[in-house]
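Trainee: Please take one loop and look at it closely with me. Then connect it to the rest of the chain, step by step.

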Amino acid sequence: MDTSDSSKYYFGRCAKCSKDVYGAGKACRAMGQIFHECCFTCSVCSKNLQGKPFYTVTGSIYCEEDFFYSRIHPSSDMCYGCNQLITDLQVLQALGKSYHPTCFCCAICRQSLEDEPFTVGTDNKVYCIKDYHKVQAPSCAACNKPIIPTEGCTESIRVVSLNKNYHAECFGGDVDFV
């Protein structure tokens with residue numbers, strides 16, 4: 001037994017091995033319990049966890065790697081946006097796929113679409129409504145600009161003549177009929 005002054009400090013019983021914990025620097029506190037520094041380890045790989053992130057499930061303690069990658073974590077979903085494991089407790093489900101909330105975003109502007117209206121283009125990409133109209137809207141045969149809703153509107157007026165698209169204001173009597 002160490003007879004130095006630091007060994008005189010009694011901290012309690014170790015939650016893992018149930019032996020007395022003596023000595024400054026030889027104990028750690030986690031989850032409201034006392035552990036020998038050498039006893040506070042991952043239940044899977046035995047890595048020392050003092051000062052490191054750890055997780056508990058039904059009384060067992062896990063390092064971050066084992067918690068997320070050993071099927072202990074309650075979600076083993078892969079994010080469709082970034083193809084990484086979803087380790088957050090929040091998983092966004094859209095279009096039958098799982099996403100990190102930050103990964104579910106517009107293909108053009110990259111703005112988050114969480115709690116926002118969105119649509120899917122013919123290319124199977126997700127778009128905010130504004131960018132969807134820019135990318136997927138037909139072009140006017142007269143001015144070559146996209147036919148999109150005006151500010152504050154959700155619909156646009158399009159004139160179709162001879163399989164060509166026109167803005168209502170661009171369609172006129174001076175169209176050549178060949």
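Mentor: Start at S46, which sits in the loop between β4 and β5. Remember throughout that this is a predicted model. What is the phi of S46? It is near 65°, a positive value in a residue other than glycine. That deserves a second look, because most residues other than glycine have a negative phi. Now check the surface. S46 has 52% relative accessibility, so it counts as exposed. The cut-off for exposed is over 50%.

Which side chain does K47 meet in a salt bridge? The partner is E65, at 3.0 Å from N to O. This pair links distant parts of the chain: K47 lies in the loop between β4 and β5 (54–57), E65 lies in helix α1 (residues 64–69), and the two are 18 residues apart. The general idea is simple. Side chains of opposite charge can pair when their charged atoms come close. How exposed are the two ends? K47 is at 33% relative accessibility, so it counts as partly exposed. E65 is at 41%, and therefore it is partly exposed too.

β4 covers residues 33–36. Four bridges join it to β3 (residues 27–30), and the two strands run antiparallel. β3 and β4 form a hairpin with two residues between them. M31 is in that turn, with a positive phi of about 55°. So keep two residues in mind here, because a negative phi is what most residues other than glycine have. M31 has a positive phi, and S46 has one as well.

Stay in β4 and look at H36. Is H36 buried or exposed? It is buried, because its relative accessibility is 15% and buried means under 20%. What does H36 touch? Leaving out residues up to four places away in sequence, the list is C14, C17, K19, D20, V21, K26 and C28. Pick out D20 from that list. The backbone oxygen of D20 lies 3.0 Å from a polar atom of the H36 side chain.

Strand β1 (residues 10–13) and strand β2 (residues 20–22) run antiparallel, joined by three bridges. In this pair, G12 stands opposite V21 in β2. V21 is also one of the residues that H36 touches. Six residues lie between the strands of this hairpin, and S18 takes a positive phi near 65°.

D20 has a side-chain partner as well. Its side chain and that of R13 meet in a salt bridge, at 3.6 Å from N to O. D20 is partly exposed, because its relative accessible area is 31%. R13 is at 54% relative accessibility, so it counts as exposed. How many salt bridges does a search of the whole structure find? Two. One is D20 with R13, and one is E65 with K47.

R110 lies in the loop between β8 and β9. Its phi is near 65°, again a positive value in a residue other than glycine. R110 is at 54% relative accessibility, so it counts as exposed. A107 is in the loop between β8 and β9 (118–120) as well. A107 is partly exposed, because its relative accessible area is 30%. Beyond neighbours within four places in sequence, A107 is in contact with K125, V126 and Y127. A107 and Y127 are 20 residues apart in sequence, yet 5.6 Å apart in space, C-alpha to C-alpha.

One more surface feature. L95, F118 and V120 form a nonpolar patch, with about 220 Å² of accessible area together. L95 is in the loop between β7 (92–94) and β8 (97–99). L95 counts as partly exposed because its relative accessible area is 44%.

Finally, step back to the whole chain. It has two helices and twelve strands. From the N terminus on, the order is β-β-β-β-β-β-α-β-β-β-β-α-β-β. Of the 178 residues, 29% are buried. The accessible surface comes to about 12,000 Å², with 49% of it belonging to carbon and sulfur atoms.

Methods: Residues are numbered from 1 along each chain as its sequence is written. This is a predicted model: local features need pLDDT of at least 70, side-chain atom pairs count only at pLDDT 80 or more; totals for chains, interfaces and linings use all residues. Side-chain values use heavy atoms; hydrogens and water are left out. Two strands pair if DSSP finds at least two bridges between them. Buried means under 20% relative accessible area, exposed over 50%, partly exposed in between (1.4 Å probe, protein chains only). A polar contact is a pair of N or O atoms within 3.5 Å; within protein, one must be able to donate a hydrogen and the other to accept it, and residues adjacent in sequence count only if both atoms are side-chain atoms. Contact means heavy atoms within 4.5 Å. Patches are made of residues with over 30% relative accessible area and no salt bridge: like charges are joined within 9 Å, nonpolar side chains (Val, Leu, Ile, Met, Phe, Trp, Tyr) within 5 Å. Accessible areas come from the Shrake-Rupley method with a 1.4 Å probe; for residues, only the protein chains shown count as cover. A salt bridge is a side-chain nitrogen of Lys or Arg within 4 Å of a carboxyl oxygen of Asp or Glu.
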